Amino acid sequence: MKTKILVTGALGQIGSELVPELRKRYGADQVVASDIRMMTREQLLRTEGPFDFLDCTNQRQIQEVVQRHEIRTVYHLVALLSAVGESKPQVAWDINMGSLYRVLEVARQSKCAVFVPSSIGAFGPGTPPDNTPQDTIQRPSTMYGVTKVAGELLCDYYFQRFGIDTRGVRFPGIISHGAPPGGGTTDYAVEIFYEAIRHEHYTCFLKPGTRLDMMYMPDAVKAAIDVMEADPARLVHRNAFNVTGMNFTPEILAAEIRKHIPGFVIDYRVDPMRQAIADSWPNSLDDSAARQEWGWNPQFDLTALVRDMLENLEKKLQVEEQHNGR
């Protein structure tokens, strides 16, 4: 991968775990974290490496940061997620597409490589729902999905027209014990762990039987780095590869949690908007193109995910309780 690296949206769910891994691999001074939010004092004390305030709807700001740090690769993670995007569709378009266009323009001028995450949300009700192919109909019914399809096409255009090394993956739901959920339709699969530990009870906003692909954050970070390190000669596709780690329904996840917390109970209060979004997405993805073209291979299955999530969250919540008790 070309270094130095800029990560936009670095304080979000993916960025907060991608940045430390990139710094571990390439050196702390080689990875510039940026966000429109400022770091808290605690975050600044914990972090190693440069941080810049950056509004990605301001092209001049992006250009200045890229030139000052001599950036060669950009991980562009700025986006409003699915449920938030439906409540603010105009804002979602402005942020998701406006920031991407400006990042790609700076990349064109400065000859940077660009990683842009797409999503399972790029598919829609007309997509084959089971084992969804890499190349298939993409007619999403959400603004988030529209911006993801448009983003894939725009990144392909910049590669074909200007030779910009753009790459991406279509993430399924991402589960993490790091940053809290950020307004996605699959957030139940993160919230459920917090509530299981705290109360042994969770009220799910998706109905039982809602089957979706998911991925544990370490695998999401691995996918983002692996696709950017892949030999370009092997890539038939670029924007964006289906990737997945596991597949389950809320009740299957609850049953796995119950192996560790026997008294755990799940019930349901369905959010019609988020249920409609989930129903428009595939039940499962075919990620064979990613496996063939750059060796994608997830490390976590459901059993390993649940064990690791519970162990890490219990430690995290204990620390928070001790901190709040001071």
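Modeller: Let's start with a term we'll need: when two helices cross, call the crossing right-handed if the near helix is turned clockwise from the far one by less than a right angle, and left-handed if anticlockwise. Keep in mind that we're looking at a predicted model.

Biologist: Okay, let me try that on a pair. At what angle do the axes of helix H5 and helix H6 cross?

Modeller: Roughly 15 degrees. H5 covers residues 89–110, H6 covers residues 143–162, and their axes come within 10 Å. Angles under 35 degrees count as roughly parallel, so H5 is roughly parallel to H6.

Biologist: And in which hand does H5 pass H6?

Modeller: The crossing is right-handed.

Biologist: Which residues of H5 and H6 meet?

Modeller: On the H5 side, they include Trp93, Met97, Leu100, Tyr101 and Leu104. On the H6 side, Tyr144, Val146, Leu154, Tyr158 and Phe162 are among them. Sorted by class, the contact of H5 with H6 has 15 nonpolar residues, three polar ones and two charged ones.

Biologist: What is the angle between helix H3 and H5?

Modeller: About 40 degrees, with the axes 9 Å apart. H3 takes in residues 59–69. H3 passes H5 in a right-handed crossing.

Biologist: What does each helix bring to that contact?

Modeller: H3 brings Gln59, Ile62, Gln63 and Val66, while H5 brings Arg102, Val103, Glu105, Val106, Gln109 and Ser110. The contact of H3 with H5 divides into four nonpolar, four polar and two charged residues.

Biologist: One more helix pair, please. How do H1 and H8 cross, and at what angle?

Modeller: At roughly 50 degrees, with their axes coming within 10 Å. H1 and H8 are therefore oblique to each other, and H1 passes H8 in a right-handed crossing. The contact of H1 with H8 has seven nonpolar and five charged residues, and no polar ones.

Biologist: On to sheets. How should I read one?

Modeller: The general idea is that strands pair through backbone hydrogen bonds, either parallel or antiparallel. In this model, an open sheet of six strands has the order S3-S2-S1-S4-S5-S7, and the pairing is parallel.

Biologist: Which are the edge strands of that sheet?

Modeller: Strand S3 (51–53) and strand S7 (166–167), each of which pairs on one side only.

Biologist: How many bridges join strand S4 to strand S5?

Modeller: Three, between residues 73–76 of S4 and residues 113–115 of S5, with the strands running parallel. To find one by eye, go to tyrosine 75: its bridge partner in S5 is phenylalanine 115.

Biologist: Which helices lie across these strands?

Modeller: Two to look at are H1 and H5. Helix H1 (residues 15–26) lies across strand S1 (5–8), strand S2 (31–35) and S4, and runs at about 165 degrees to S2. H5 lies across S4, S5 and S7, running at about 175 degrees to S4.

Biologist: In what order do S6, S8 and S12 form an open sheet?

Modeller: The order is S6-S8-S12, again with parallel pairing. Its edge strands are strand S6 (118–119) and S12. Strand S8 (residues 169–171) pairs with S12 over two bridges, and valine 169 stands opposite phenylalanine 241 in S12.

Biologist: What about aromatic rings?

Modeller: You describe a pair by the distance of the centres and the angle of the planes. A search of the whole structure finds eight aromatic pairs. In one of them, the rings of tyrosine 188 and phenylalanine 205 have centres 6.4 Å apart and planes at 90 degrees, so the pair is edge-to-face. The two residues are 17 apart in the chain: tyrosine 188 is in helix H7 (residues 188–199), and phenylalanine 205 is in the loop between strand S10 (201–204) and strand S11 (212–216).

Definitions and conventions
Residues numbered from 1 in each chain as written. Predicted model: local features only at pLDDT ≥ 70, side-chain atom pairs only at ≥ 80, totals over all residues. Heavy atoms only, no water. Axes fitted to C-alpha atoms, helices over the stretch in contact; angles between N-to-C directions. Helix = DSSP H or I, 4+ residues; strand = E, 2+ residues; numbered from the N terminus. Parallel < 35°, antiparallel > 145°, perpendicular 65-115°, else oblique. Contact = heavy atoms within 4.5 Å. Nonpolar A, V, L, I, M, F, W, Y, C, P; charged D, E, K, R; others polar. Pairing = 2+ DSSP bridges. Phe/Tyr/Trp six-rings, centres within 6.5 Å; stacked < 30°, edge-to-face > 60°.
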